[in-house]
Amino acid sequence: MHGFEGRTPVALLLTILTILSIIAILYFERKNYESAAGWVMIVAALPGLGLLLYLIFGDTMRYKLNRLFTSRRLEKRYGFSQKLMLLSRTDRLNTSRDYDDMITFNFRYNRSVLSFGNDAQIFTGGEEKFAALFEDIRNARYSVNVLYYGFHQDAVGRSLVNLLTEKAGAGVKVNLMFDGVGSFFTPNRFFRELTEAGGRLCRCRPGLFDINFRNHRKIVTIDGRIAYTGGMNVGDKYIGRHRVKSPWRDTQVRITGPAVSQLQAVFFEDWMCQNRPKKLEGLYNELSLYFPKEEHPGDYAVQIVHGGPESDKESIKMSYLKMITSARKQLLIQSPYVIPDSSILDALRLSAASGVDVRIMIPAVSGSFFLKYATDYYLDKLLDAGISVYRYHGYVHAKTMVCDGEIACIGSANLDMRSFRYDDEICAYFYDADFAQENVDVFEEDLRACDQMRYEEFKRRGVWRKFLEGVMHIFAPLM
C-alpha cells in the first residue's frame, strides 16, 4: 500500500478503477490483441477520461452477461435453443464441389444449422422489395416481426407503420424493433398509433454507453413462414430518393422454408435481450404462433450466421474468412465500406496471389469524409495485391459475396471492422449453384455502371491525401 500514500481519495479511486478496468480488458473480456493493447494504453494514459471512453466505446461485458442470462432463461422457460436441431445431411448440395468443411465450420463455430428445402428471391431495388414486403404483411394472419437498424421518419417509414398498425388492429401480433443510433432521429411518438393498436415497440440500446454498439441486422418474419434479410433499411433513400447517394443499389432476399425459423430465433433472442423479464410474460405464451410446422417450398440449402459484441468469436468475420479461403476460381464482393482487419486483408491477398479472380465493388459516392480516406488506405493494399476494384456510379449499399459461382452470401455485414467487432449482424449463406449464379448475374449487370480502378493511377495520389489515409485508418475500428 506504500505506493498509494499521499494520494487524494479521488486519485486513489481513479487508480483502483483504472487497475480494475485493465484487468477486465485483459482477462474478463478476452479481447483480441490489437483491441486490448489499444484500450489498455488509453485507460492507463488518461485516468478517468480513458475509463469513460472505454465504457462508451469498448466495454462489452454487460452485453455478454445479458446474452448469457437471456439464453439460459429462454432454455429454462420453454426449451428454446438457438441451435434448433441438427438436420441430417440426407440431401445433396446443388454444387460441383463438396463444401462440407465450410458447412461444418459454420455449425461448430457459429452454431449455424444447415437447412434444406428453402426458396429465395433476390431484390436489387427498394421499390420491388417494399412492394413484395407490404403485400406479404397485408396477407399476414398471425404475426409480423420487424427489426431494422434504420427506421426513418419519411414516406416509406410512414407507409410501413400504417400497415403494421392496421394489422395490429386486426389482431395480428406485431413486434417492431429498431436501433437507437440508426434510428436516432425517429421518435417513439412516430409509432404511437401502432402501440395504441396493440403493437409492441422496442428501441435497441438507446443509452449513452451503447452508442458504439449497434444492432445492424435487418430481419422481417411473417407468420413464421416468410423472412426478409439483407442490406436495406426502411426509408425513402432505399427507393432512390437520396439527393447525393444516387442511384442507390442494394440487395435484399426473401426466404421461405426452414431457414425462416432460424431468423425468427435470432429476432426473439435480440428482443428478449432488450426487454425486461416482466415485459416478456405475455410473449412466452405466444411462441407457438411464431414457430409453425416447417414447410419445404424449394431446393436451396441455407445457413444463417449471426454475431455481435456479446461474443469474442467474431462469428461474421470468421465465416467471411472461411468463404474467402474456400474460393478456388472467383470471389465477388459488394460492400459500401472496405475497412478489413489484418486477417481479412491477408486472406484476400492470399487468394489473389493464389490465382483466384477477386473482384470488389464499392460505391463511387463515399459514405463520409472519414470513411473515404480510411477505405482508400486499404484499397492501396488490395490493388497492389492484384485485386480488381470497381467503383459503382452511385451508392452500392449491398453486402454480398459469391464464391466460385456456387455459394452466395447476402446479409447486413459490411467488409469492415465495425461489422466484425461492434455491431449485431446477420448473414444468409446459400449453397446452391443456381442461386449463386443469379447473384453473379447481378454483379455482372452492376459492372456496366462501374469504373475499374487502375493502381498505376491511384498510387500517384498526393502526399497530403496519403497522410489523411494513414490518420483515418487508425480510427477505422470505430467507424
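1. **Helices 13 and 14.** Helix 13 (residues 342–353) packs against helix 14 (residues 369–384) at an angle of about 25°, and their axes lie 9 Å apart. Helix 13 is therefore roughly parallel to helix 14 (angles under 35 degrees count as roughly parallel, over 145 as roughly antiparallel, 65 to 115 as roughly perpendicular and the rest as oblique). Axes here are lines fitted to C-alpha atoms, for helices over the stretch in contact, and angles run from 0 to 180 degrees between N-to-C directions. Helix 13 brings Leu345, Leu348 and Arg349 to the contact, and helix 14 brings Tyr378, Lys381 and Leu382. Contact means heavy atoms within 4.5 Å. By class, the contact of helix 13 with helix 14 has four nonpolar, no polar and two charged residues (Ala, Val, Leu, Ile, Met, Phe, Trp, Tyr, Cys and Pro count as nonpolar, Asp, Glu, Lys and Arg as charged, and the others, Gly among them, as polar).

2. **What kind of model this is.** This is a predicted model, in which local features need pLDDT of at least 70, side-chain atom pairs count only at pLDDT 80 or more, and totals for chains, interfaces and linings use all residues. Residues are numbered from 1 along each chain as its sequence is written, and side-chain values use heavy atoms, with hydrogens and water left out.

3. **The whole protein.** The secondary structure comes to 18 helices and 19 strands. Helices (H or I, at least four residues) and strands (E, at least two) are DSSP runs, numbered from the N terminus. The protein has 479 residues, and buried residues make up 57% of them. Buried means under 20% relative accessible area, exposed over 50%, partly exposed in between (1.4 Å probe, protein chains only). Take the contacts between residues at least 6 apart in sequence: 82% of them join residues at least 24 apart.

4. **Helices 6 and 7.** The axes of helix 6 (residues 126–138) and helix 7 (residues 155–169) cross at roughly 15° and come within 10 Å. Helix 6 and helix 7 are therefore roughly parallel to each other. Their crossing is left-handed. From helix 6, Phe130, Phe134, Ile137 and Arg138 make the contact; from helix 7, Val156, Ser159, Leu160, Leu163, Leu164 and Lys167 do. The residues of the contact of helix 6 with helix 7 divide into seven nonpolar, one polar and two charged.

5. **Strand 16.** Is strand 16 mostly covered or uncovered? Strand 16 (residues 407–411) is mostly covered, with five of its five residues buried. Ile407, Cys409 and Gly411 point one way, while Ala408 and Ile410 point the other way. Five bridges join strand 16 to strand 18 (residues 425–431), and these two strands run antiparallel. Two strands pair if DSSP finds at least two bridges between them. In strand 18, Tyr431 stands opposite Ile407.

6. **Strand 15 and its neighbours.** Strand 15 (residues 400–403) pairs with strand 16 in the antiparallel sense over four bridges. Cys403 has Ile407 as its bridge partner in strand 16. The two strands form a hairpin with three residues between them, and Asp404 in the turn has a positive phi of about 55°. Both faces of strand 15 are covered: Thr400 and Val402 on one side, Met401 and Cys403 on the other, are all buried. Strand 10 (residues 330–334) is joined to strand 15 by four bridges, and the two run antiparallel. Gln334 has Thr400 as its bridge partner in strand 15.

7. **Backbone details in loops.** Asp223 is not a glycine, yet its phi is positive, near 55°. Asp223 is found in the loop between strand 5 (219–222) and strand 6. With 12% relative accessibility, Asp223 counts as buried. Glu314 is not a glycine either, and has a positive phi of about 50°. Glu314 lies in the loop between strand 9 (300–307) and helix 12 (315–326). Its relative accessible area is 13%, so Glu314 is buried. Ser246 and Pro247 are joined by a cis peptide bond, with omega about -5°. Pro247 lies in the loop between strand 6 (226–230) and strand 7 (248–249).

8. **Tyr455.** Tyr455 is in helix 17 (residues 455–458). Tyr455 and Leu382 are 73 residues apart along the chain, and their C-alpha atoms are separated by 9.4 Å. Not counting residues up to four places away in sequence, Tyr455 touches Asp380, Leu383 and Asp384.

Conventions: A crossing is left-handed if the near helix is turned anticlockwise from the far one by less than a right angle, and right-handed if clockwise.
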